[in-house]
Amino acid sequence: MRSLSEIALTTRLSLFGDRQAFDSLVRENQGALRRLFLHLTLGDTMLSDDLAQDTFIKAWMHIDQYKGGSSFQTWLFSIGYRTWIDYVRSQHEVDDIDEAYSLGQSDRDIGLQMDMRNALMLLKPIERTCVTLQVIEGMKTDAIAKVTELNANTVRSHILRGKQKLAEYLKQNGYE
């Protein structure tokens, strides 16, 4: 559900092109967007920040396309997800996002973070995205479906399979 503050800010933004309203929406959503990118990039902070900045620029340039049918964050994450897909394809010159997703892994972290990263690498990219959006960002299935442009039942299947794979991997590696 959209808050009154978000409704007021998006109204000011869409009707008047209010930069301060956009700045407020950026501040409210930048942490969540960067978190999403950190999970998608497997911890690459510089790339995550660059992708977040690109997403906000695209959002500003296309703000006239935001109609308020979903939360601003859902709309923003849709732009972010497409930005991520475009980046992966352009950098790795592949058509198969599953193949490209596993490239450029970072192994700077240790312990649980490393185990979680390894577990996440087992997931197909779309499973990783759906699980991250649900578990980390707390998004509902319908919002994830809008972000990924998938059917809600397909999203549920990706989440279920992704969580099962994560649980199995972690259990095999000593976590209960």
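User: Hi! How many helices and strands are there in the protein chain?
Analyst: The protein chain has nine helices and zero strands. Keep in mind that this is a predicted model. Along the sequence the pattern reads α-α-α-α-α-α-α-α-α.

User: Thanks! And what share of the residues counts as buried?
Analyst: Of the 176 residues in the protein chain, 44% are buried.

User: What about contacts between residues 24 or more positions apart, what percentage do they make up?
Analyst: Counting contacts with a separation of 6 or more, 61% are between residues 24 or more positions apart.

User: Let's go inside. Which residues touch the most other members of the largest nonpolar core?
Analyst: Those are Leu33, Phe72, Phe77 and Trp84, in a core of 38 residues. At least two core residues come from each of helix 1 (4–16), helix 2 (19–40), helix 3 (45–61), helix 4 (72–92), helix 7 (125–136), helix 8 (141–148) and helix 9 (152–172). There is also a second, separate core of seven residues, with Ala119, Leu120, Val131 and Leu166 among them. As general background, nonpolar side chains in soluble globular proteins tend to be buried together.

User: Nice. Which residues is Phe77 in contact with, leaving aside neighbours within four places in sequence?
Analyst: Phe77 contacts Ala32, Leu33, Leu36, Leu133, Glu137, Met139 and Val147.

User: Switching to aromatics: how many pairs are there?
Analyst: The count is five aromatic pairs. Tyr66, Phe72 and Trp75 are linked into a cluster by ring pairs. Phe72 also belongs to the group touching the most other members of the largest nonpolar core.

User: Now helix packing. At what angle do the axes of helix 2 and helix 7 cross?
Analyst: They cross at roughly 140°, and the axes come within 10 Å. The crossing is right-handed.

User: Which residues make that contact between helix 2 and helix 7?
Analyst: Helix 2 brings Arg35, Leu36, His39 and Leu40, while helix 7 brings Arg128, Thr129, Thr132, Leu133 and Ile136. By type, the residues of this contact are four nonpolar, three polar and two charged.

User: One last thing, the backbone. Which residue has a positive phi although it is not a glycine?
Analyst: That would be Glu149, with a phi of about 60°. In general, most residues other than glycine have a negative phi.

User: Where is Glu149 found, and is it buried or exposed?
Analyst: Glu149 lies in the loop between helix 8 and helix 9. Its relative accessibility is 60%, so Glu149 counts as exposed, the cut-off being over 50%.

Conventions
Residues numbered from 1 in each chain as written. Predicted model: local features only at pLDDT ≥ 70, side-chain atom pairs only at ≥ 80, totals over all residues. Heavy atoms only, no water. Core = buried A, V, L, I, M, F, W, Y, C linked by side-chain atoms within 4.5 Å. Buried < 20%, exposed > 50% of the residue type's maximum accessible area, 1.4 Å probe, protein only. Helix = DSSP H or I, 4+ residues; strand = E, 2+ residues; numbered from the N terminus. Contact = heavy atoms within 4.5 Å. Phe/Tyr/Trp six-rings, centres within 6.5 Å; stacked < 30°, edge-to-face > 60°. Axes fitted to C-alpha atoms, helices over the stretch in contact; angles between N-to-C directions. Left-handed = near helix turned anticlockwise from the far one by under 90°. Nonpolar A, V, L, I, M, F, W, Y, C, P; charged D, E, K, R; others polar.
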